[in-house]
Each structure stands twice: as C-alpha cells, then as structure tokens.
Amino acid sequence: MKLLPFLRPLLEAAAAVTLMVVGLRVITSFFTRKSRVYRPTFLRQFALLFWPLLCLGVGLPFLGTFFYAGTLSGYELILLTALAAVVLGFSMPAFVLHSQYYARNLHTTLVFDPKQNVLEVYEGRVRIPFGKKDIARVERVTCQSERLFWSNYTYLKLYLQTGEVLTLTSLLTNLEPVTEFLRNTPLEKKQRWFCWA
C-alpha cells in the first residue's frame, strides 16, 4: 500500500491550495461590484465541478487498490468494481459535459445587464452583431433531475434571423436571468437527462 501514503500529501496540498484560492476569492468579492461581463472563470468552473471532484477525491484512494488486484479476493474485487462504477458513474458525466461546454464557450464572452437592456456576445474579441429583435427563437435546455451532479449543466441557444445559432452554456453564468430577459421572444423549453449542447 505504498500508493496511499504518496497520495495523501498530494490531496492535502491540493485541498489547501483550493481552500486558499476560494477564500481569497470570497474576500475579494466583498470589495468588487457585480460584474456584467461573464466568461468561463475558475470560480464558476469550481462551483460546477465541486461535487464531482469531491466524489472523485473520496473514491480515488479506494480505486488505487485496483493496482493490487492480484492480492484481492473475489468478494473484495466485486465490491471494488461496484465502488468504481458508483464513483465514475456519478462524476464522469459531469466531467464530460464540463469539457464539452468548456470547448464550446472557451473564447465566448457574454455581456449582460438587464437594467441597461444590454445583451452582447463576443467570440474572442469580435462582437457578434445582433439585437433582441434579431432573435428568431430561444431554446432553453435543462436537466430533468435536479439531484444529479451534472444537473447544473444547462444551455441556451439563440437562433438568429440570419440562421446563425449562438450557444450559451452554464459555464458562463446562471442562465435563468438571461432566459427571463428574453421572455418576449419565442421560447422553447426542453428537459433532458444529459444536456449535451
């Protein structure tokens, strides 16, 4: 069992760094005003991945015993396989969705201020020209269950009159206020078990 003593200091260091980063972020958030510019930030990604990372962090030391599969009995191997299925079954779908959303909205910037009637989308540094009147319809996709690790991964598709489709994912921000802002455009709400954008 030489793997577990090596893994413990690594997990403790990662937890300490994460705690410091989150603590500093919380402290600095008291002195900043609410932003109207949304990008995939570390804090937003951490908030979405908190439970999958926690599940993986708790189950990972036990999954390390697969390296000693030759010394395990059949009963222990069955229990270990069941534990691996539970840990990976809960965390991996969230990681798959997160990576897909990250690839889709890595260079996307959303400027949203409902009080000023502002909704702008930038790809890189280029603003995509459209107004509220240019949106033909809006598709809002949410997860059917609210209790799964990947239920916070939702997306919003804006179908423009030009035929262009803009996809805004929950990696940028909570999309409920944006959906409420676009309530006067034709809105189609869908629910899926797995919100693949």
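Select Glu 180 to begin: Glu 180 is partly exposed, with 47% relative accessible area. Glu 180 and Arg 183 form a salt bridge, with their closest N and O atoms 3.5 Å apart. A salt bridge needs a side-chain nitrogen of Lys or Arg within 4 Å of a carboxyl oxygen of Asp or Glu.

A word on what you are viewing. This is a predicted model, where local features need pLDDT of at least 70, side-chain atom pairs count only at pLDDT 80 or more, and totals for chains, interfaces and linings use all residues. Residues are numbered from 1 along each chain as its sequence is written, and side-chain values use heavy atoms, with hydrogens and water left out.

**Zoom out**

Show the whole chain as a cartoon. The protein chain has four helices and eight strands. Helices (H or I, at least four residues) and strands (E, at least two) are DSSP runs, numbered from the N terminus. Follow the chain from the N terminus and the elements run α-β-α-α-β-β-β-β-β-β-α-β. Of the 197 residues in the protein chain, 35% are buried.

**The sheet**

Select strands S5, S6, S7 and S8. They form an open sheet in the order S7-S6-S5-S8, with mixed pairing. The edge strands are S7 (165-169) and S8 (187-192), and each pairs on one side only. Two strands pair if DSSP finds at least two bridges between them. On average, neighbouring strands of this sheet are turned by 20° against each other, direction ignored.

Zoom in on S6 (residues 155-160) and S7. These two strands run antiparallel, joined by five bridges. Which residue of S7 is the bridge partner of Tyr 155? Select Thr 169 to see that partner.

Next, show helix H3 (residues 74-105). Helix H3 lies across S6 and S7, and runs at about 130° to S7. Such angles run from 0 to 180 degrees between N-to-C directions, with axes fitted to C-alpha atoms, for helices over the stretch in contact. Contact means heavy atoms within 4.5 Å.

**Charged pairs**

How many salt bridges does a search of the whole structure find? The search finds seven. Select Glu 139 and Lys 190, whose side chains meet in one of them (3.7 Å, N to O). Glu 139 lies in strand S5 (residues 135-143) and Lys 190 in strand S8, so the pair ties together parts that are 51 residues apart in sequence. Is Glu 139 buried or exposed? Glu 139 counts as buried, at 5% relative accessibility. Lys 190 is partly exposed, at 28%.

Glu 188 forms a salt bridge with Lys 190, with the closest N and O atoms 3.6 Å apart. Glu 188 counts as partly exposed, at 33% relative accessibility. Select Arg 137 too: salt bridges that share partners join Arg 137, Glu 139, Glu 188 and Lys 190 into one network.

**Last stop: a nonpolar patch**

Select Phe 50, Trp 51, Leu 54, Val 58, Phe 62 and Leu 83. Together they make a nonpolar surface patch of about 560 Å². Helix H2 (residues 42-63) gives the most to this patch, with five residues. Val 58 sits in helix H2. At 51% relative accessibility, Val 58 counts as exposed.

Terms used:
Buried < 20%, exposed > 50% of the residue type's maximum accessible area, 1.4 Å probe, protein only. Patch = residues over 30% accessible without salt bridge, like charges linked within 9 Å, V, L, I, M, F, W, Y side chains within 5 Å. Areas by Shrake-Rupley, 256 points an atom, 1.4 Å probe, with all protein chains shown as cover.
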